[in-house]
Amino acid sequence: MIHIYKNFIINYIQNKLSPSMIMEYAKTNHFPISTSESIIIYNFIKRNYNFLLNGEEDKLKELKGQIREELYVKIIELYTYYKKKLGIF
């Protein structure tokens with residue numbers, strides 16, 4: 001089952017994810033994000049999703065300093081939440 005989740009996530013990132021989707025997710029979940037931050041996050045995810053899916057959480061430190069601190073903290077919270085919820089990392 002874990003393999004299915006990972007494949008679904010990889011397919012989504014490779015074929016569907018966009019900066020506008022990141023902005024919409026942030027808006028829906030009530031945390032502000034700028035257009036430039038959504039592009040930074042998008043590019044980071046596209047470059048690093050394999051590391052993140054394999055539990056290499058230290059990769060997230062690359063975002064620090066590129067986006068606002070409160071957004072960085074929110075990303076860490078979301079990563080931890082989904083890591084526990086899906087049990088795939």
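Mentor: Please bear in mind that the model is predicted. We may begin with tyrosine 82, whose relative accessibility is 33%.

Trainee: Why is tyrosine 82 called partly exposed?

Mentor: Buried requires under 20% and exposed over 50%; tyrosine 82, at 33%, therefore counts as partly exposed. Tyrosine 81, at 44%, is partly exposed by that reasoning.

Trainee: What makes the arrangement of tyrosine 25 and phenylalanine 31 an aromatic pair, and how are their planes set?

Mentor: Their centres are 6.3 Å apart, and the limit is 6.5 Å, so the rings pair. The angle between the planes is 70°; because over 60 degrees counts as edge-to-face, that is the term used. Tyrosine 81 and tyrosine 82 are also edge-to-face, with 4.9 Å between centres and 80° between planes. The count is two aromatic pairs.

Trainee: Is phenylalanine 31 buried or exposed?

Mentor: Phenylalanine 31 has 14% relative accessibility; the cut-off for buried is under 20%, so phenylalanine 31 is buried.

Trainee: Which residues are closest to the centre of the largest pocket?

Mentor: The largest pocket has a volume of about 910 Å³. Of its 27 lining residues, the closest to the centre are Ile13, Tyr25, Ile45, Leu78 and Tyr82. The lining divides into 27 nonpolar, no polar and no charged residues.

Technical notes:
Residues are numbered from 1 along each chain as its sequence is written. This is a predicted model: local features need pLDDT of at least 70, side-chain atom pairs count only at pLDDT 80 or more; totals for chains, interfaces and linings use all residues. Side-chain values use heavy atoms; hydrogens and water are left out. Rings of Phe, Tyr and Trp (its six-membered ring) pair if their centres lie within 6.5 Å; planes under 30 degrees apart count as stacked, over 60 as edge-to-face and the rest as tilted. Buried means under 20% relative accessible area, exposed over 50%, partly exposed in between (1.4 Å probe, protein chains only). On a 1 Å grid over the protein atoms alone, a cavity is a set of points where a 1.4 Å probe fits but cannot get out, and a pocket is an open set with protein on both sides within 12 Å along at least five of seven lines; lining residues have an atom within 4 Å of a point. Grid points are joined across faces, edges and corners, and a volume is the space filled by probe spheres set on the points. Ala, Val, Leu, Ile, Met, Phe, Trp, Tyr, Cys and Pro count as nonpolar, Asp, Glu, Lys and Arg as charged, and the others, Gly among them, as polar.
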